[in-house]
Amino acid sequence: MLQHIAHRLLISVPVLIGVLLVGFLMLQVVPTDPATVMAGPTASYAEIEAIRQSMGLNEPIIVQFGIYLSRVLQGDLGRSMISNTAVVNELANTVGPTIELMLASLIWAVPLGVVLGTLAAVRRGRLSDRLIMAVSVAGVSMPIFWFGLVLIQYVGFHWQMFPFQGRGGPLWTVAGLNHIVLPAITLGGVFIGPVARMTRTSLLEVLGSDFVRTARAKGVSEYRVVVGHALRNSLIPVVTLIGLQIGFLLGGAVVTETLFAWPGVGRLAVGAITSADYALAQGAILVLALSFLMVNLVVDVLYAFLDPRVRAR
Amino acid sequence: MTELSATPAAVLPAETAPDRYRRPSIWRKLRRDRAAMLASGFLTIVIALGLLAPWIAPYDPYDNNLRNMLKPPSEAFWLGNDGQGRDLLSRLLYGVRTTLSMGLIAVGLGGSIGAVLGLLAAYFRHLEGPIMRVVDVLLSFPSILFGLAIAAVLGAGTFSITVALTVAAVPSIARITRGAALVVMQQEYIAACRAIGMSDLRIMFRHLLPNCASTIFVYLTLQLGQTILLGAALSFIGLGAQPPTAELGTMAADGRNYLFFAPHVSTIPSVAIFMIVLAFNVLGDALRDVLDPRLRQ
């Protein structure tokens with residue numbers, strides 16, 4: 001178990017360095033010289049040169065990467081070129097809403113997906129199975145922004161049931177809850193299909209195993225066989241797969257946030273890229289990549305913990 | 001968003017009989033699948049429409065006429081007009097062309113790179129470790145991050161999105177190819193090729209690759225749907241094709257501004273993306289069911 005975790009941590013190191021390297025390169029393509037910008041328009045050549053020296057811009061690129069690394073480790077991601085605020089502060093304000101949105105999507109989409117997948121597996125080959133699987137394929141094929149647009153058009157605009165712009169405040173307030181409904185339905189909606197599919201596949205495999213036959217043979221009711229014996233055993237792969245699909249959810253979150261003006265990291269990243277704010281884009285992408293790596297790590301360890309076969313090792 | 005293709009990536013073709021024994025029955029089985037036939041028919045038509053767009057589009061897709069702004073479908077303009085009075089049908093045809101070619105180029109290029117990497121990993125044992133490690137890392141990253149990072153470096157536009165989509169397509173195809181190639185490597189004819197002193201390259205590309213081709217093809221089909229979906233999403237958030245380019249995602253984003261009084265402007269391109277991706281997924285699923293007996297239940 002410990003060995004597994006250590007191994008996983010060790011693998012993450014090169015990836016981590018790769019991600020940081022990409023972040024560093026992103027800052028290298030900035031068309032303007034940061035020292036000139038910092039010195040201001042009236043600075044003399046000598047002053048600019050002094051700033052270059054102090055910022056380490058005259059060092060070889062590998063040393064500059066080292067400087068970048070130490071700065072990132074100290075939590076300094078530079079300053080936004082447009083608002084001139086520290087990138088870290090901008091990011092700190094957006095991470096919360098993104099996590100909020102993801103959780104609000106998972107909390108209803110995963111249970112629904114599991115229920116649908118179980119239904120499909122139990123009624124394999126029948127009309128309801130084919131219907132659920134058809135809906136799931138359609139869900140995987142649907143552009144997430146279209147689903148969001150339809151919700152905005154009908155639920156938000158025509159029926160005026162929920163607001164569809166921005167975040168209304170903390171989730172424990174009515175306005176906060178109202179504002180998250182449509183984004184959460186949008187983002188969760190594309191997640192149901194995959195979860196249902198995974199559950200179905202995993203459950204079908206388990207339903208064919210010996211212990212299920214034994215349970216049936218000793219006269220356990222079909223409901224108990226499915227829910228008590230089979231589903232429990234099929235959920236381990238489903239849980240891990242859901243964890244590993246966080247990346248997919250992240251992609252959806254970027255689009256959903258942009259669509260609903262939700263003040264999260266994804267919208268921040270997109271805004272920074274389209275306005276060529278390299279420092280901010282670098283910071284946002286770094287945070288997205290790092291948090292993704294971390295989630296992956298946690299899921300991996302969790303998997304080892306959930307699965308007795310791995311735990312025993 | 002590729003990691004969520006309709007398929008668990010781990011599904012590899014099982015040990016199967018050599019390809020030439022299988023091939024005739026694949027098409028016979030596929031022909032019996034009505035949904036798959038419908039999907040491939042639809043895709044043929046869509047691809048033909050995209051190819052022929054310059055000749056069959058009734059109007060210039062960039063010709064704006066503000067007097068026709070946001071007109072609903074009419075006899076003169078079958079699908080109505082967009083916010084600048086441009087003919088939506090013409091823009092749809094051109095948009096299909098842009099979107100499909102972005103997807104096809106990315107999957108073709110990324111698929112080729114992936115296939116070569118997969119073959120190398122399967123054929124040369126000492127390359128397997130390094131290649132597959134890189135592939136696993138790439139595979140674990142959300143494709144949207146490639147899109148964001150590459151757009152941040154190269155600037156938003158069709159080119160950077162195509163690059164991002166290409167990168168995103170490499171790892172899954174590499175993995176699938178390696179899996180398929182490892183199975184073929186067990187066959188006696190590969191040993192025979194070696195025994196008669198055939199060069200590594202010749203074995204890889206004349207014998208190994210053709211025998212993995214059907215598997216790779218299936219995954220390319222599934223990948224294409226996901227790639228198109230991702231490309232459209234990136235364009236929708238403003239990182240892909242820039243206006244006024246006719247591209248389905250960009251068109252849907254443009255229609256967002258008129259959502260409340262002219263919903264057809266965003267709905268038409270969105271439905272087009274949905275149907276194209278759906279067709280690729282249905283076709284890919286059907287192909288996989290035929291090729292992989294383990295999944296046929």
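What covers the buried residues of helix 9 of chain B? The legends below come to this in the third view.

This is a predicted model, in which local features need pLDDT of at least 70 and side-chain atom pairs count only at pLDDT 80 or more, while totals for chains, interfaces and linings use all residues. Residues are numbered from 1 along each chain as its sequence is written, and chains are lettered from A and ligands numbered from 1 in the order in which they are written.

**View 1. Chain A is built from 14 helices and zero strands.** Helices (H or I, at least four residues) and strands (E, at least two) are DSSP runs, numbered from the N terminus. The C-alpha atoms of chain A fill a box of roughly 90 × 55 × 35 Å along the principal axes. Chain A, with 14 helices and zero strands, has a radius of gyration of 25 Å, well over the 20 Å that the globule rule gives for 313 residues, so chain A is more spread out than a compact globule. The radius is taken over C-alpha atoms, and the rule is 2.2 Å times the number of residues to the power 0.38. Of the 313 residues, 38% count as buried (20 or more other C-beta atoms within 10 Å of a residue's own; exposed is 12 or fewer, partly exposed is in between; C-beta atoms are placed from the backbone).

**View 2. Chain A meets chain B through 41 residues of chain A and 41 residues of chain B.** Two residues are in contact if their C-beta atoms, placed from the backbone, lie within 7 Å. Elements giving two or more residues to the chain A side include helix 1 (2-28), helix 8 (174-207) and helix 13 (278-306) of chain A. By class, this side has 31 nonpolar, nine polar and one charged residues. Ala, Val, Leu, Ile, Met, Phe, Trp, Tyr, Cys and Pro count as nonpolar, Asp, Glu, Lys and Arg as charged, and the others, Gly among them, as polar.

**View 3. Helix 9 of chain B is largely enclosed by the rest of the structure, because eight of its eight residues are buried.** Among these buried residues are Leu248(B), Met251(B) and Asp254(B). Their cover includes helix 7 of chain A, together with helix 3, helix 8 and helix 10 (264-291) of chain B. In chain B as a whole, 48% of the 297 residues count as buried.

**View 4. Helix 8 (residues 200-236) and helix 9 (residues 248-255) of chain B have axes that come within 7 Å and cross at roughly 40°.** This makes helix 8 of chain B oblique to helix 9 of chain B. Axes are lines fitted to C-alpha atoms, for helices over the stretch in contact, and angles run from 0 to 180 degrees between N-to-C directions. Angles under 35 degrees count as roughly parallel, over 145 as roughly antiparallel, 65 to 115 as roughly perpendicular and the rest as oblique. The contact includes Gly231(B) and Phe236(B) of helix 8 and Leu248(B) and Ala253(B) of helix 9. The contact residues divide into seven nonpolar, four polar and no charged.

**View 5. Thr98(B) lies in helix 3 (residues 88-123) of chain B.** Thr98(B) counts as buried because it has 24 C-beta neighbours inside 10 Å. Leaving aside neighbours within four places in sequence, Thr98(B) is in contact with Ala241(B), Thr245(B), Ala246(B) and Glu247(B). Thr98(B) and Gln84(B) are 14 residues apart in sequence and 20 Å apart in space, C-alpha to C-alpha.
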